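Student: I have a model open and want to learn how to read its features. Where do we begin?

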Amino acid sequence: MRPIRVLVVDDSVVFRELLVQNLSKDPAIQIVATAKDPFEARDAILAHKPDVMTLDVELPRMNGIEFLRKLMPQYPLPVVVISSLSEKVFDAMNAGAVDFVAKPALSSRVQLEEFVKNELLVKIKIASTAKISNIKKVVMEQEQQHLSVKSNHLVVAIGASTGGTEAIFDVVKDFGTDIPGVVVVQHMPPGFTKMYAKRLDDQCRLQVKEAETGDRVLPGRMLIAPGGDMHMHLVKVNGAYQVECKKGPRVNGHCPSVDVLFDSVARVAGANALGIILTGMGGDGANGLLAMRKAGARTIGQDESTCVVYGMPKVAYDLGAVQYQEKLFNIAKRTYSLLNNM
C-alpha cells in the first residue's frame with residue numbers, strides 16, 4: 001500500500017519543520033511538500049497532488065478559512081486543520097475541512113511528538129479515507145415538524161465523530177423547541193465543545209449548552225458532552241432526566257465516549273429514548289446503540305452515501321443496532337415520525 005501523501009501548510013518555519021520531522025517517522029506518511037501561505041499551498045497542490053493537507057487557520061496573505069472556501073470547489077481534498085482554541089475552527093469545518101486538532105504549545109519536543117503520534121497522525125489517516133463529495137452538500141430544508149406527544153418523558157441521544165460537527169447541525173437545525181431533551185457526544189478536543197455549543201445555540205431553535213453535572217434534560221434543550229477527560233451519563237433524579245459528567249478512562253479510544261452515553265440512556269430511559277449515530281471513524285457508539293435498541297429504544301443510523309466517514313454507522317448497522325438507515329437530510333423527519341409514535 002502506498003504511503004499517504006501529505007502537504008503541510010503553516011507560516012511558522014519552526015513548527016512546519018517539526019511537523020515534517022515527526023510525521024515522517026511514520027512509514028505510512030510521505031511529506032510531498034510544505035508551504036507557508038495559501039499561494040504556495042495552491043502551487044504545491046497542483047504540482048504534487050497530495051492525498052491530505054494539514055492547514056493552519058492563521059496564515060499570511062489569505063487566512064486558512066478563505067483559502068478553503070476558494071480551494072474546495074476547484075481542488076477538493078481532505079484537509080485537517082491545526083488550530084489554536086478559536087471558534088474559527090468551525091468556520092473551517094463549514095468551509096470543507098474534514099477534521100481539526102488543537103495546536104499544541106511548543107513547550108517541549110516530547111509534547112509535540114506526543115501530539116503528532118496520538119492526535120495528528122490519527123486524524124490524517126482518517127482524513128485520507130474521507131469522502132470529500134459528502135463534506136459540502138446540498139441539504140434539503142425540511143418543513144417544520146411538530147410533536148403530537150408529550151416529550152418530557154422522552155430523550156434523544158446523538159453520537160458522532162469525523163464530519164460530525166456539520167452533520168449534527170444538519171440534523172438539529174430542523175428540530176423545534178418541542179423536541180425532547182437531546183444529549184450529544186461529538187469527539188472533540190477540550191475547550192472546543194463549549195464554543196461549538198455556543199455556535200449551535202446561535203444557529204438553532206434549540207437551547208444548546210456544554211453539559212455540566214446536574215443539567216436537566218428538557219424539551220427544546222440540547223446538552224453537549226464536554227471534551228477532555230469526562231464521560232457524560234444520563235441519570236434520573238426525582239423522576240427527571242439529568243446528566244452527570246465524571247472522569248473515567250477512554251472507551252474505544254475516546255473520552256467522552258458515545259458508547260458510555262448510549263449505555264446510560266439504555267439503562268435509564270429504555271424504550272423512552274431514540275438514538276442517532278452519525279458519521280465517524282471506528283466503532284464508538286455501536287454497542288451502546290445496540291443496547292438502546294434491545295431496551296426498546298428507536299434507533300437511526302446515517303447512511304453511507306451521506307457520511308464523510310462511514311465507520312461508526314456501519315459498525316452499528318452490521319451489529320443490528322440500526323432500525324432505520326437514513327440520508328442525513330432525512331434524519332430529522334424520521335426522528336419526528338418515530339417520536340410521534342412513542
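Tutor: Begin with the rings: one aromatic cluster is formed by Phe90, Phe100, Phe192 and Tyr196. Keep in mind that this is a predicted model.

Student: How many aromatic pairs does the structure hold?

Tutor: The count is 5 aromatic pairs. Take Phe90 and Phe192. Their ring centres are 6.5 Å apart and their planes stand at 80 degrees, so this pair is edge-to-face; planes over 60 degrees apart get that label.

Student: Which parts of the chain does the pair of Phe90 and Phe192 tie together?

Tutor: Phe90 belongs to helix H4 (residues 88-94) and Phe192 to helix H7 (residues 192-203), so the pair ties together parts 102 residues apart in sequence.

Student: What is the geometry of the pair Phe175 and Tyr336?

Tutor: The ring centres of Phe175 and Tyr336 lie 6.1 Å apart, with planes at 75 degrees, so the pair is edge-to-face. It links distant parts of the chain, 161 residues apart. Phe175 sits in the loop between helix H6 (164-172) and strand S7 (181-186), while Tyr336 is in helix H11 (residues 331-339). Phe175 is buried at 0% relative accessibility, and Tyr336 is buried at 1%.

Student: Which charged residue lies over the face of Phe15?

Tutor: Lys103 does, at 4.7 Å from the ring centre.

Student: Now the empty space. How is it found?

Tutor: Rolling a probe the size of a water molecule over the atoms shows where empty space is left. Here the largest pocket has a volume of about 600 Å³. It is lined by 26 residues, and Glu119, Lys123, Arg250, Gly253 and His254 are the closest to its centre.

Student: Which element gives the most to the lining of the largest pocket?

Tutor: Helix H5 does, with 5 residues. H5 spans 109-127, and strand S5 (99-102) also supplies at least two residues of that lining. By type, the pocket lining divides into 11 nonpolar, 10 polar and 5 charged residues.

Student: How many cavities of 30 Å³ or more are there?

Tutor: There are 2. A cavity differs from a pocket in that the probe fits but cannot get out. The second largest cavity has a volume of about 50 Å³. Its lining includes Met93, Phe100, Lys123, Thr165 and His187. S5 and H6 are the elements that give two or more residues to this lining. The residues divide into 3 nonpolar, 7 polar and 2 charged.

Student: Is Gln242 buried or exposed?

Tutor: Buried. Gln242 has a relative accessible area of 18%, and the cut-off is under 20%. Gln242 is found in strand S11 (residues 240-247). With residues up to four places away in sequence left out, its contacts include Gly214, Asp215, Arg216 and Val217, and also His233 and Leu234.

How values were computed. Residues numbered from 1 in each chain as written. Predicted model: local features only at pLDDT ≥ 70, side-chain atom pairs only at ≥ 80, totals over all residues. Heavy atoms only, no water. 1 Å grid on protein atoms, 1.4 Å probe; cavity = no way out; pocket = protein on both sides within 12 Å on 5 of 7 lines; lining within 4 Å. Points joined across faces, edges and corners; volume = space filled by probe spheres on them. Helix = DSSP H or I, 4+ residues; strand = E, 2+ residues; numbered from the N terminus. Nonpolar A, V, L, I, M, F, W, Y, C, P; charged D, E, K, R; others polar. Phe/Tyr/Trp six-rings, centres within 6.5 Å; stacked < 30°, edge-to-face > 60°. Buried < 20%, exposed > 50% of the residue type's maximum accessible area, 1.4 Å probe, protein only. Lys NZ or Arg CZ within 6 Å of the ring centre and 35° of its normal. Contact = heavy atoms within 4.5 Å.
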